[in-house]
Amino acid sequence: MERIFIGVAWPYANGSLHLGTLAGALLPGDIFGRYHRMKGNEVLMVSGSDEHGTPITITAEKEGVEPKEIADKYHEEHKRNLDELGIKFENFSRTSNEFHKKVVKDFLVKLYDNGYIYPKKVQSFYCEKCKRFLPDRYVEGVCIHCGGRARGDQCEECGRTLDVDEIKEPKCKICGSIPFLKETEHLFFKLSYFEEKLMEWLKDKNYWRDNVINFTINFIKSGLKDRAITRDLEWGVEVPIEGYENKRIYVWFEAVIGYLHASMEWAEKTGKKDEWKKWWVEEAKHYYFLAKDNIPFHTIIWPSMLMAHGGLNLPYDVPANEYLTLSGEQFSKSRGVGIWIPDILKNFNADAVRYYLSINMPEKRDTDWKWEDFMAKVNNELVAIYGNFIHRVLTFSYKNFRKIPPYLKRSERDSEIIEEVKKNFEEVGECIEKCHFKEGMKKVMRMAQIGNQYINENEPWKLINEDVERCKSVMHTCIKIVKMLAFASAPYMPKTAEKIWRMLGYKDSIHEHRWSEAEEINENEIEKPLPLFRKIEMKEQRDPFSLLDLRVAKIINVEDHPNADKLYIMDVDVGKAGKRRIVAGIKKWYKKEDLTGKKIVLLANLEPAKIRGVESDGMLLAVDKNGEAILLVPNAEEGERVYVDGITPSPPERVSYDEFKNIKIVTKNGLIEYNGKILMDKNGAIKIDHYVEDGYNVR
Ligand SMILES: [Zn+2]
Ligand SMILES: [Zn+2]
């Protein structure tokens, strides 16, 4: 027996979970945890909502509420979604709770006492207009290393953590003005001290994934710098050091301590206060599951903090995943690119999603979520091979015998088949142990293929009339395969495995059984079988709003329409999508000079239409009280998306005006709403040019 600790990167509580987080961290962690529990190992798997830091405060400011409200809302949603997805933690906690704060403060004090934390005066971005320092994500700019988009303390492109002097063209995220540097004092962690110690520790990590070990070593070789661990913020964990009452602990420092806190909290909840030490102090293997942007925090920073603390176990493996992309684009909440979990769970079986992500897991390179491919894999593999085999075996057995038939008449072929299935079954386990989840899932599918082949060879539907004893033996063999399949798929598709278990006549949970029991078989009564999966059709996932391709467009030229008094002809710039000419009926309310240079919302995929002899390629959105107020997006860039939270845009080439007209977008409290969700760009809610009463349509 082994002791396994599993830490899954803490999702931010500033928005719904998306498929990227599921594929990158949650799902691999869960597969691994479920397997090891079934192997009889002692597993402690923890995570929680990361509720501090600037992503939350920025969202709160956008929505005009307290950060706590945002954190509460998404923490509850995350918990609900994890349950629906079948992700099982020993403890899924949160960083805003008092237990966490206490553990973090104790940890910091220990590092301070050990001499690894010191104060230092530094330059920090300050926005004159907002009258505040701009920590982390309050600043956006360009990374000096790669030219990528720098979101405050980290580059989205190269993943480097950035100091103020590594960000070019900084901009205040709140008001868009250019901040200047101003002196402030912060506490620093002596990360540089750990360079050699880390290299020494990494020496025997030759079993790590190539991308993880290479990234880590290059990162250390490029030189580690001491890092600030406090911030000029109000939202966060208080600093337990005199003189720092107005600052908070920087989120990167406290969130990773969450692994320790959640373990201690779990022990306390189970009534054995010191139980956490079995994983953290005694011998145990620590695995961390995360996507690649989180690598430095788990292979460099957290290990250094653990070394500085002393007496606690370091990571054993960090099998970080690459990214899951969506039609080639990286998932990003701030850019409105993604598939959100609450959205997808409304339309699809959670295990079908888990299946597709497992065989398409971004283990060695980025993989892409394609809707057509998802549909094809579910229909042609999960339904047609896996589901079909299990269903035909169980319905045939149920109809003819009502219970698992005995093995009466042997054949060499049966043992061969069972051996082959068993070999694949064992390999599923080996793959999971090595964190080769994709390969493991393929072997599960291979088991079902072998089953189908066997049943076709033996034709039990003929045997039932010719040789009942042999028929029973064939079905006995098939059920043996079904049972092994249930075990093999339990880590991957836990709810499906449970359903098979029930149909096989068991009353308890398969997840409480051991991997080694997979081959045992008895003469249980079979429950009336129901299909495990159904075929999916693509249109069901789409909220009508997802059809709209809404983009920021800048008006570059306005002319009178030669054949109409009320119309303008406008040229607009849609960034990468090029320039367009549109016709708009807003002449009565706007002068030409008031429009030029404005950034508006364009329905970019509307079917072109001739309006009084001039073709209009797209439509500007305005409030429908005769188009008297236009929608404005002054702080966004041309071509960027406009969206509502939780609905993934998947616009077709063109939509008709009638399709658009049926999507009810209205004014409310000076904002624009669709189904109670606010229309926004990456900077926040879209504004209307001037006040308009509630309830008007946007057209
Ligand atoms: Zn960069
Ligand atoms: Zn500002």
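Predicted model: local features only at pLDDT ≥ 70, side-chain atom pairs only at ≥ 80, totals over all residues.

Student: How many helices and strands does the chain have?

Tutor: There are 19 helices and 32 strands. Both are DSSP runs numbered from the N terminus: helices are H or I with at least four residues, strands E with at least two.

Student: Why is Phe253 called buried?

Tutor: A residue is buried if 20 or more other C-beta atoms, placed from the backbone, lie within 10 Å of its own; 12 or fewer makes it exposed, and in between is partly exposed. Phe253 has 26 such neighbours inside 10 Å, so it counts as buried. It lies in helix 7 (residues 251-269). Leaving aside neighbours within four places in sequence, Phe253 is in contact (C-beta atoms, placed from the backbone, within 7 Å) with Phe189 and Ile229. Across the whole chain, 46% of residues count as buried.

Student: Why is helix 17 said to be largely enclosed?

Tutor: Because 7 of its 10 residues (494-503) are buried. They are Pro494, Thr496, Ala497, Lys499, Ile500, Trp501 and Met503. These pack against helix 1 (19-38), helix 11 (350-359), helix 12 (371-401) and helix 16 (468-489). After helix 17 comes Gly505, with a positive phi near 95°.

Student: Which residues touch the most other members of the largest nonpolar core?

Tutor: Val482 and Leu485, in a core of 141 residues. A nonpolar core is a set of buried Ala, Val, Leu, Ile, Met, Phe, Trp, Tyr and Cys residues joined through C-beta atoms within 7 Å. Beyond four places in sequence, Val482 is in contact with Ile390, Val393, Leu394 and Ile500. Another core, of 44 residues, lies apart from it and includes Ala553 and Met680.

Student: What makes helix 13 roughly parallel to helix 16?

Tutor: Helix 13 (residues 412-433) packs against helix 16 at about 0°, with the axes 10 Å apart. Axes are lines fitted to C-alpha atoms, for helices over the stretch in contact, and angles run from 0 to 180 degrees between N-to-C directions. Under 35 degrees counts as roughly parallel, over 145 as roughly antiparallel, 65 to 115 as roughly perpendicular and the rest as oblique. So helix 13 is roughly parallel to helix 16. Among the residues making the contact are Ile417 and Phe425 of helix 13 and Ile481 and Met484 of helix 16.

Student: How do you know that strand 1 and strand 14 pair?

Tutor: Pairing takes at least two DSSP bridges. Strand 1 (residues 3-8) and strand 14 have 5, in the parallel sense, with Ile6 opposite Tyr287.

Conventions:
Residues numbered from 1 in each chain as written. Chains lettered and ligands numbered in written order. Contact = placed C-beta atoms within 7 Å.
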